[in-house]
Amino acid sequence: MPETRIEIPAEALERLKTAGSLAVLTGAGVSAESGLPTFRGKDGLWKNHRPEQLATPQAFSADPKLVWDWYHWRRGIVRNASPNPAHLALVEMEKRIENFTLITQNVDGLHRRAGSREVLEIHGNLCEARCSVCPASAPLEEEEGIVTCEACGAFMRPAVVWFGESLDTALLEKAYVRAGGSDMFIVAGTSGMVQPAASLSYAALRGGGYVLEVNLDPTPLTGEANATILGKAGDILPELVRRVWTGGMQSA
Ligand code: OAD
C-alpha cells in the first residue's frame with residue numbers, strides 16, 4: 001500500500017529552513033511511540049490511580065511507598081524503552097540550527113539519551129531522587145520501595161515537579177526567554193493542559209515566532225498556533241527534517 005504523504009504547510013518548511021533560532025516544547029506524546037504511557041490518555045492509569053492523584057506532595061505524605069512504587073514502575077518502563085524517531089529528529093534539528101533549545105515536560109530522560117544536548121527538563125527527571133529534608137540528591141537505578149537519604153536518613157522523593165509545586169525559577173525563566181525569542185517554536189505531543197508549560201507557546205506567539213503544533217489530536221493551542229499538523233510525532237518530526245534538509249525542499 002502506498003504511504004500517505006504528510007501534508008506540511010509550505011510556510012512551516014520555509015520558516016524551519018531559515019530559522020536562526022528554534023525552540024521546541026515536548027510532552028508525553030513524543031515518548032508514546034517509545035511505549036511510554038501518556039498522562040491523560042486511556043493508558044495513563046496505574047492500578048486505578050490517576051497520575052494527578054499520585055504526583056502531588058499530599059499523596060507522598062499520605063503514602064510514600066505508593067508514590068515511590070509508581071515512580072519505580074515508570075522508571076522500569078523507561079529503562080527498557082529506547083528513543084523513537086521523534087526524539088532522533090530533534091537531535092538532527094539541533095545539529096542544523098544555531099540556537100536550539102529543547103524544553104521538555106517529560107521526566108523520562110529520552111531526549112538526552114537520544115543525543116539532544118540543550119535540554120531544559122522543566123518537570124525534572126525520574127531517574128533522580130532528592131532528599132525531602134536536606135540538599136542531598138542521588139541517581140536512581142534498581143531501587144525499590146521508599147528511598148532514604150544516605151546523608152540524613154530522611155525520606156527521599158523523586159526529583160520531579162508535582163502538582164501544586166513551583167518549577168525551578170531559573171530554568172523556567174530560561175525557557176520563557178528562549179520561547180519568546182525564537183524564530184520558530186515547535187510544540188509536539190502535549191495536551192497543553194498543564195501550566196506554566198502551556199503558556200510557553202503563547203510567549204512564542206507574542207514574541208513573533210512561528211508556532212507549529214504537532215499532535216495526534218487538536219488541543220487548546222490548535223487555532224492559536226500558526227499551523228497544526230495532526231499525526232504521530234514519530235512520523236511528522238522526521239518528515240520535517242527530510243523535507244527541509246536531508247531529502248530536498250518540497251512544498252505541500
Ligand atoms: P498528556 O498526556 O496530557 O498529553 C499527551 C498529548 O500527546 C495529547 O495531546 C495526545 O493527543 C498527544 N499524543 C499522544 N501520542 C502522540 C503521538 N504519537 N504523537 C503526537 N502526539 C501524541 O501529556 P503532557 O501534555 O506531556 O506533569 O502532560 C503535561 C504534564 O502533565 C506532564 O509533564 C505531567 C503531567 O501531569 C507533571 O508530572 C508535573
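Of the 252 residues of the protein chain, 50% count as buried, where buried means under 20% relative accessible area, exposed over 50% and partly exposed in between, with a 1.4 Å probe and protein chains only. The model is a predicted one, in which local features need pLDDT of at least 70 and side-chain atom pairs count only at pLDDT 80 or more, whereas totals for chains, interfaces and linings use all residues. Residues are numbered from 1 along each chain as its sequence is written, and side-chain values use heavy atoms, with hydrogens and water left out.

The accessible surface of the protein chain comes to about 12,200 Å², of which 50% belongs to carbon and sulfur atoms; accessible areas come from the Shrake-Rupley method with a 1.4 Å probe, and for residues only the protein chains shown count as cover. Along the principal axes, the C-alpha atoms fill a box of roughly 60 × 45 × 30 Å. Among contacts with a separation of 6 or more, 67% are accounted for by residues 24 or more positions apart, contact meaning heavy atoms within 4.5 Å.

The protein chain has 10 helices and 9 strands; helices (H or I, at least four residues) and strands (E, at least two) are DSSP runs, numbered from the N terminus. Strand S4 (residues 124-131) pairs with S6 in the antiparallel sense over 4 bridges, two strands being paired if DSSP finds at least two bridges between them. Val-160 of S6 is the bridge partner of Gly-124. S6 is largely enclosed by the rest of the structure, because 5 of its 5 residues are buried. S4 is also joined to strand S5 (residues 137-139) by 3 bridges, and these two strands run antiparallel. In S5, Pro-139 stands opposite Glu-128, and a hairpin of 5 residues joins S4 to S5.

Aromatic pairs were assigned when the ring centres of Phe, Tyr and Trp (its six-membered ring) lie within 6.5 Å, with planes under 30 degrees apart counted as stacked, over 60 as edge-to-face and the rest as tilted. By this rule the count comes to 3 aromatic pairs. One of them is the edge-to-face pair of Trp-70 and Tyr-71, at 4.9 Å centre to centre and with 70° between the planes. Trp-70 is buried at 2% relative accessibility, and Tyr-71 is buried with a relative accessible area of 3%. Tyr-71 also forms a tilted pair with Trp-162, the ring centres being 6.4 Å apart and the planes at 45°. Because Tyr-71 lies in helix H5 (residues 64-79) and Trp-162 in the loop between strand S6 (156-160) and helix H8 (169-180), this pair ties together parts that are 91 residues apart in sequence. Trp-162 is buried at 3% relative accessibility. Phe-60, Trp-70, Tyr-71 and Trp-162 form one aromatic cluster.

A charge sits over a ring if NZ of Lys or CZ of Arg is within 6 Å of the ring centre and within 35 degrees of the ring normal. The charged end of Arg-74 sits over the ring of Trp-70, 4.5 Å from its centre, and Arg-157 lies over the face of Trp-162 at 3.9 Å from the ring centre.

The loop between H5 and helix H6 (85-96) contains Ala-81, which is buried at 5% relative accessibility. Apart from neighbours within four places in sequence, Ala-81 is in contact with Ser-34, Leu-36, Leu-110 and Arg-113.

In helix H9 (residues 199-206), the buried residues are Ser-199, Leu-200, Ser-201, Ala-203 and Ala-204. The buried residues of H9 pack against strand S1 (21-26), strand S2 (99-104), H8, strand S7 (184-188) and strand S8 (210-215). Gly-208, which follows H9, has a positive phi near 90°.
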